[in-house]
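Try each task before reading its solution.

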Amino acid sequence: MKLKKTLIATGVAAIVLSCATNPFSGKKTMAFVSNDQLFPTSFAQYNQFLSENKVVTGTADANMVTRVGQKIAKAAERYLDANGYQGYLNDYKWEYNLVNDETVNAWCMPGGKIVVYTGILPVTKSEAGLAAVVGHEVAHALANHGQQRMSAAYVQQGVALAGNVALSGDQKSLDIFNQAYGVGSQVGVMLPFSRSHETEADEIGLYLMAIAGYNPDEAAELWKRMNALGGEAPPEMLSTHPSNESRIANLTALAPKAKAEAAKFGVTSFK
């Protein structure tokens, strides 16, 4: 009973401290670390990364990365302004860089710092394919997914600490709790939490690329090519990401909605 009350109290405290609002879903999200704290650290880490890696500049591909990034950022601003979030991006410092690396990846740090690896360009194939990637990564930053993951980790650690304190006098129960909680919180909470972020970023990114004038049908085509790369993947329930098949089905179903959303902004033809 003591443990139950302690865990409930910890959960209530977490909810009370959840004070940010997702501008796309309107839902309250955990924000134990403010953007005022998070962004400066993010910007410093980004600059350090650039200093330690080979940034590609002046090429057609580098210019494409900048062009796509700027269009996606503009689409985000148009969407947010139209939905009552004027000024939401004031603290974002957009930057778009192509880095010479064979890794098939791209990322966007909190605050709008984007990196695309050269290794993903053969998979994106076109500007629209790249827009699907950049839209997804920008969506993570706009929805403050990094902030939420940090907050969730704090809650996970806090509940573990509360359980250890509550059971400190019963070693057998303490051992059982730690073993069960470690696996249960990861598989049952943290991994689904990460997958939900990926799915949300897919949807937001699809809308942004469409508003920016890129064909949202290309997102599913991109993931078909990603799937064709092969490689071992863990079962979806043990992964931080949805399966490729789930993403393709979801993106295919959402593409008509993204086109309808773009039409609200006068965008009816796509690149």
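**Exercise 1.** Which residues of helix 9 are buried?

*Solution.* Start with the ground rules. This is a predicted model, where local features need pLDDT of at least 70, side-chain atom pairs count only at pLDDT 80 or more, and totals for chains, interfaces and linings use all residues. Residues are numbered from 1 along each chain as its sequence is written, and side-chain values use heavy atoms, leaving out hydrogens and water.

Next, take buried as under 20% relative accessible area (1.4 Å probe, protein chains only). In helix 9, that picks out R247, I248, L251, L254, A255, A258, E261 and A262.

**Exercise 2.** Check the span of helix 9, then find its kink.

*Solution.* Helices are DSSP runs of H or I, at least four residues, numbered from the N terminus. The expected span is 1.5 Å times one less than the number of residues.

**Exercise 3.** Which residues have the most contacts inside the largest nonpolar core?

*Solution.* A nonpolar core joins buried Ala, Val, Leu, Ile, Met, Phe, Trp, Tyr and Cys residues through side-chain atoms within 4.5 Å. The largest has 60 residues, and I72 and V116 have the most contacts inside it. Apart from this core lies another of 8 residues, including Y46 and V99.

Terms used. Helix = DSSP H or I, 4+ residues; strand = E, 2+ residues; numbered from the N terminus. Bend = angle between axes of the 7 residues up to and from the residue. Buried < 20%, exposed > 50% of the residue type's maximum accessible area, 1.4 Å probe, protein only.
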